[in-house]
Structures are given as C-alpha cells and as structure tokens.
Amino acid sequence: MRIICCGGNSGKMDMKNNSDPKKGDEAAAETEGTYSGLGVRHFQAFLLFCGLTVAYASRVNLSVAVVAMTDAASVNPNYPEYDWSEKTKSLLLSSFFWGYVITQVPAGQLARKFGGKVTLLTGLSICSVLNILTPLFADLGGWQLVCALRVVEGLCQGFVFPSVHTILSGWAVPRERATLGTYVYVGNQFGTIVMMATSGVLAASAGGWPSIFYVSGGIGCVWAVAYYFWGASSPAQCKQISQEELKLIELGLAEESSAAADQPKVHLSTPWLAIFSSPAFLVLIVAHSAHNWGFWTLLTEIPSYMKNILGKDIKSNALLSALPYFCMFCMSFVFSTISDQLNKRNCISTVTSRKLFNSIGLWIPMVTLIGLAYVDTDESTTAVVLLCFTVGMNGSTYLGYQMNHIDLSPNFAGVLMGITNCVANIMSIIAPLLVGFIVTDEHDATQWRVVFFIAAAIYLVGNGLFVIFGKANIQPWNDPPASKEARRNSSPQVESQN
C-alpha cells in the first residue's frame, strides 16, 4: 500500500538557512501550501483516530454491559446473570482508572525510548485481548477477577495518550498540528458514541451481553494488525511516505526544533526539574485538570441530577446518553475548521489560538453549567439542550490545552501528556467523590447548585491561569545544547509562536 502526498509537484526544497526572515516565512508557507493535499501523515492520523475509537469503546463497554450482566433476564435470559450490588458495580467501573493513572508518566518515557507505535500497539493489543476474555473471567472468578482484569486494562490504556502525543509530535507540522490533533482525538467521542448506540442491540442479540466484549475486543485486534503493518512512530520510519512529503514534514519540524523531526533517534535525558519549574507547563496541568473536573462532573453526575431534580432519566435512553458525546464530536470539527481558516490567513498567533479555543471550551460551559442549576423542573428538555451545548463546547479544548504539550516541547510531548493526564484523571476521580459529600439529599436542588458552582469556579480559575501564563513557544529545556545552537542559526518558524 502506498499513499502519496497530493496537490503538488516534486520541486526541490531548500533546507538551508535563510538570511531574510520574511523570505524564510514566505518560502516555508509556500512549501506547506504546495503540499497541502492528503498524504501519509493524514493516513497516520486516521489510524490513530481508529486506535482511540478502539480505546474508548473498550473503556466504556463495561459501563453499558453491566446493566445487562446484572439483569440478563429482561435482556437475554440465555446468558449468565450476576447479583452485583451497586457498590460492587461502582468498584468495577472505577477499577479501570486505578491502573490508568499509574502508567501515565512511565508511558511517556517509554514512548520516547521505543517509539510511540510500539507502546501504543502493545497497550491496545493487550487491552483488546483482555476485552475478549472478560466474559470468561466473569464466569470463572466473578466480580473480583473482572475487577483485576479492568485494572490491567487501565494499566495498558495508560500508554495511549502519551504514545499518541509522541507520535503526533513527529508527524504534525506546526500549521496542521491543531487540525490533525483534533481529527485524532475525536476518536474518543466516536468510540463512546458507537459503544453506547450498539450495546443495547448487541446485548439483545443471539450473542447476548458477552458480544459487547467480543465485538469491541475483536475490532481492537483488527486495528492492531492494521497498525502493525501501516503505522509508524515517525516519518523517517515510514516505508509508504514519499520523499516530497518527508521533506515537507522535516522542514516544518526543523523550523521548531532541530531534534523533533526524527524523535526515536534522539535520546535526551528528561529535564524533570526544568519541566516542573516551568510556569507554562504548570498552568497546562491546571488547565487539563480543570477541564477533566468539569467534564467528568457533567457526564457522571448530571444524569443523576436530571433524574432526581428534573425527572428526566437520560440513562434509560441510549440516544439521550450518546447525544452529548455526539455534539462534542460534531463541534470538534466545526472548531477545527475555524482554526484552520484562521491559521491559513495568519489572523492570530499560535498562543492566541490556544487561549481563544481553550476559553471557548471552558468559559462558555462555565456559564451554561450555572444555567443548568436553575432550570425549572418542568423544563427538562431545556436541560438536555443545555447539557448537549455545554459538552459540545468542550470540543474546543482539543485546539487549546490538548495540543499545547507539543507546542512547549516536541521532544518531550508524550512525557508532558503523561504528567498532565495523570494529574487530570486524579481530578476525575476526586470530583464525583466530592459530589457524594456535598449532595446528601439527591432531591435537594440547592445542594446540586453548590456542585455546579464549584465546577464553574474551577473552569474560571483553571482557564484564567492558562490565559495569563500559558505559552505556545518551544521551551529552552526541549533541546540539548547542540540543538539550541542549531536553532539559533535556523530560519524563522513557519507558524508564529508569540
């Protein structure tokens, strides 16, 4: 299989330094415009999109399958039914994240050392096989063995985001970074939508609830085979890429960092002290954590609020359950298109773009979240619309903090993602626990309003700090001394980083 970069000729590209900054910018922009068609880099992004679809389908399948597993008689009586209490089900659903948090930081390091393809492929392959084995484990060892299996699945999926970020840092040129990143990460929502939409049908089919795990795990195995043959950690390791596209990517990345174009060959010691003393990175942790706090408060607690306060049980309706994710999926493409047009016209700098879209993704939901708290009990439809709009606006953050790791350090993007995702997912665990302490009476609207105001305040402060202190230029600790010297003599960056 061979995919070539479309839309241009094979003219030569001058990789030498340009003494005229203006001409350097124009030449780089012209080069990217010449080879602006679909290429291998877009195919790699599609493979990563499919990988994240598989990852999230495997992540959420138990949350939808557990209903049929504990009430098989009403869905498909031909399969085993388990008498698991609500406490046991909560334990099973949270066990994934115990392992998920642990491997985030090591995953970034390993992805740099062995290549993102190796760590991503290994993690999702094991996770897919374990998915297929879930019904067997439930039959042999009950909830205890399933719980252990989910912990291991979490450990495996802890490699996903750091690996994807490491791969993207080597494939996405600056002008396409936000767009390609969005196309990849909407796989999160797509996997969730597909799983929610099909789980009921699968559970009621001849295959029963075990088919939910067989299908999600089987598709994961198919993806693993495809990615083994066609995936690549970097353009230099890809056999299908044309020389023209390879030079395009190398030129684009060379404008940022002399070491970023071929990451697997660069073995730099991780500057831990410099990373954790960098204000730009610290506010990135805050922004990521603020997003996760609000997002998971919405998706885990809003259904309970709407059922007990507004009398609208959206969990009982598969369409309503998937609707917020579908809105986020669609809005992600809308925001990506807007960002792409702004970028092509050089309307705003990269740092302004990151802060603008992050503000849309956090501050607009901040307002609508407060609005949700004051919806009358007879306006449940309005509440559903507000919920979908709020979650849909969160899609803008893919163009905000989500890509900022690569902006700050292409060489250590996976490590940075591992750190921020680790902290952010701890927030995802704490947020529902705090709700449990605050909401002692699920039918008391005033207690729920406290929850919403806390989430809104975290959105406000988290994005506020990102807007004030956030940056989108490569940090000094990204490159070794030799690379820094090379950068001083290199031509200006293709994309403004100021």
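Tyrosine 228 counts as exposed, at 52% relative accessibility. Exposed means over 50% relative accessible area, buried under 20% and partly exposed in between, with a 1.4 Å probe and protein chains only. This is a predicted model: local features need pLDDT of at least 70, side-chain atom pairs count only at pLDDT 80 or more, and totals for chains, interfaces and linings use all residues. Residues are numbered from 1 along each chain as its sequence is written, and side-chain values use heavy atoms, leaving out hydrogens and water.

**Tyrosine 228 and its surroundings**
- Tyrosine 228 sits in helix α10 (residues 210–230). Helices are DSSP runs (H or I, at least four residues), as strands are (E, at least two), numbered from the N terminus.
- Val225, Tyr228, Phe229 and Trp230 form a nonpolar surface patch with about 450 Å² of accessible area together.
- Patch residues have over 30% relative accessible area and no salt bridge; nonpolar side chains (Val, Leu, Ile, Met, Phe, Trp, Tyr) are joined within 5 Å, like charges within 9 Å.
- A salt bridge is a Lys or Arg side-chain nitrogen within 4 Å of an Asp or Glu carboxyl oxygen.
- Accessible areas come from the Shrake-Rupley method with a 1.4 Å probe; for residues, only the protein chains shown count as cover.

**Threonine 192**
- Threonine 192 belongs to helix α9 (residues 187–204).
- Threonine 192 is buried, at 2% relative accessible area.
- Leaving aside residues up to four places away in sequence, threonine 192 touches Tyr56, Val60 and Tyr325; contact means heavy atoms within 4.5 Å.

**Whole chain**
- The protein chain has 20 helices and zero strands.
- Of its 498 residues, 57% are buried.
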